[in-house]
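Take a moment to look over the chain from end to end. Then read the short report that follows.

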Amino acid sequence: KLSLFFPPLQVQASHFEGLITTIVGYVLLAVTLIVCHGLAALVKFQRSRRLLGVCYIVVKVSLLVVVEIGVFPLICGWWLDICSLEMFDATLKDRELSFQSAPGTTMFLHWLVGMVYVFYFASFILLLREVLRPGVLWFLRNLNDPDFNPVQEMIHLPIYRHLRRFILSVIVFGSIVLLMLWLPIRIIKYLLPNFLPYNVMLYSDAPVSELSLELLLLQVVLPALLEQGHTRQWLKGLVRAWTVTAGYLLDLHSYLLGDQEENENNANQQPNNQHARNNNAIPVVGEGLHAAHQAILQQGGPVGFQPYRRPLKFPLRIFLLIVFMCITLLIASLICLTLPVFAGRWLMSFWTGTAKIHELYTAACGLYVCWLTIRAVTVLVAWMPQGRRVIFQKVKEWSLMIMKTLIVAILLAGVVPLLLGLLFELVIVAPLRVPLDQTPLFYPWQDWALGVLHAKIIAAITLMGPQWWLKTVIEQVYANGIRNIDLHFIIRKLAAPVISVLLLSLCVPYIIASGVVPLLGVTAEMQNLVQRRIYPFLLMVVVLMGILSFQVRQFKRLYEHIKNDKYLVGQRLVNYERKSGKQGTSTTPPQSSQE
């Protein structure tokens, strides 16, 4: 029983006694399968031994997946929360109370935060591999390696190897959190006592809806920032500049980036010595354990290792490199925790005055403004060598493009989401939430924010669906981009039809309910019922008509298929001939002959 391993009160206090019991049961099942597998091997029951081995592999892989995808991000999320308590002026008692009030939501949020942290850490490692010399990060698994198979590793590696890797990952990820979150918070509280804590209240007293700001952040600000390729190129350039600087200061340029001359010679001599390098019979000077480790991981495939020049006092230089890296990460974390929030607070003060805003929104606003500033500076620096005339011409072109973009944004990001959100409010929200004896209230700001979300969902579904006119137009707009924006095409083919359909969907039911129904002489209660229920009723009618038309088309296709399958003898390809005025012209033979 579970009480043999954990006290019953502790299991009940965790609020997940069913999940814990299931996991412990699977662990006991795995141990039992191991014991039975060993006994079957002793008594030479080969078929039973093979079956028990397969069952053990299934249980082992399942438990490892739960640990790597469930437990490890959860540990990272809780460690991030614990290290950032002072940043939000919270205590462990507050976290305990929130866990007791909503255990499932709390665990999910911590798991989600940990999963995002692990994802961005892995993305940064992939970016480092593009900059550094192949073989520098030999101790980390390359996720882009075509030979990398995580399920195969789970099956073949023993449990103690997975346990050692799990403990090492927890130590590395936890140390990075201490370096880039806990220590910067302590420094900021010492240098800027009034800057922290961040304001993370649930409801803002500003004249802006919390839900609307959250949707704006998730649907407008962050996607526009993260989907830009310039941000990744800037980060990659910064990493390369730091690597070059550290390499020349510590005489580790060959180790970090490799020697260009040797790379060119190796590229010329690669067909001759590829077999020797793969076998690793005689390692090249400087490769050492790194090359051997790469050879073991690749299992006879491409090594992905470049030799380097080993300077004097190499371990000391590596230690200084790690110290320099930690200092750089600390400074970068200090800048990221202070500069965007400073800029966001200053900008949001013009809008909301002295009212406090959630720091997530101020940080996102400041980060977006910083990105726009850096982007504008880089563009101006790129234009400077071309002369004043070219700069004025570029400014004129960009001004015209910005004006076109603003017009398109007003139509597609302003009018369309507002109409769509209002229609959704009338069709779905108001009939479900507001009784007939009460008057529904509409908030245009919230309707617009919800319309932005609905518009993005509809656009994504349209792009994934079959080919029709709306998908063709959206794909054409995406292909043109902002620089080649065609204002006339967007207004005529996209904005005008969509706005017309939405306006008709809003106006026609209202005209029927408010103009036609009173002429029929019905009671006031019936008029109120029609006004409140005509929108969902018409939606149901449209959905039923769509389903019926779809079924009619399907039956027609089925009818044609059955007819051709039963009566069609064959098909014949004939040449297309234009009809001439001469009577002697022979008629076109039929394409198919039937019985």
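## A cis peptide bond

In which loop is Pro 197 found? Pro 197 lies in the loop between H7 and helix H8 (210-226). The peptide bond that leads from Leu 196 to Pro 197 is cis. Its omega is near 10 degrees.

## About the model

This is a predicted model, where local features need pLDDT of at least 70, side-chain atom pairs count only at pLDDT 80 or more, and totals for chains, interfaces and linings use all residues. Residues are numbered from 1 along each chain as its sequence is written, and side-chain values use heavy atoms, with hydrogens and water left out.

## The whole chain

The chain has 19 helices and two strands. Helices (H or I, at least four residues) and strands (E, at least two) are DSSP runs, numbered from the N terminus.

Of the 595 residues in the chain, 28% are buried. Buried means under 20% relative accessible area, exposed means over 50%, and partly exposed is in between (1.4 Å probe, protein chains only). The accessible surface of the chain is about 39,900 Å². Carbon and sulfur atoms account for 68% of that surface. Such areas come from the Shrake-Rupley method with a 1.4 Å probe; for residues, only the protein chains shown count as cover.

Now take contacts between residues at least 6 apart in sequence (contact means heavy atoms within 4.5 Å). In the chain, 69% of them join residues at least 24 apart.

## Two packed helices

Two packed helices are described by the angle between their axes and the distance between the axes. Helix H5 (residues 103-131) packs against helix H7 (residues 159-191) at an angle of about 95 degrees. Their axes are 12 Å apart. That makes H5 roughly perpendicular to H7 (65 to 115 degrees). Axes are lines fitted to C-alpha atoms, for helices over the stretch in contact, and angles run from 0 to 180 degrees between N-to-C directions.

Which residues meet here? From H5 come Tyr 117, Val 118 and Phe 121. From H7 come Phe 173, Ile 176 and Val 177. The residues of this contact divide into six nonpolar, no polar and no charged. Nonpolar covers Ala, Val, Leu, Ile, Met, Phe, Trp, Tyr, Cys and Pro; charged covers Asp, Glu, Lys and Arg; the others, Gly among them, are polar.

## Positive phi angles

Asp 251 is not a glycine, yet its phi is positive, at about 60 degrees. Asp 251 sits in the loop between helix H9 (229-250) and helix H10 (253-257). Its relative accessibility is 32%, so Asp 251 counts as partly exposed.

Lys 313 also has a positive phi, near 50 degrees. Lys 313 sits in the loop between helix H12 (288-298) and helix H13 (314-352). Is Lys 313 buried or exposed? Lys 313 counts as exposed, because its relative accessibility is 63%.

Key: Parallel < 35°, antiparallel > 145°, perpendicular 65-115°, else oblique.
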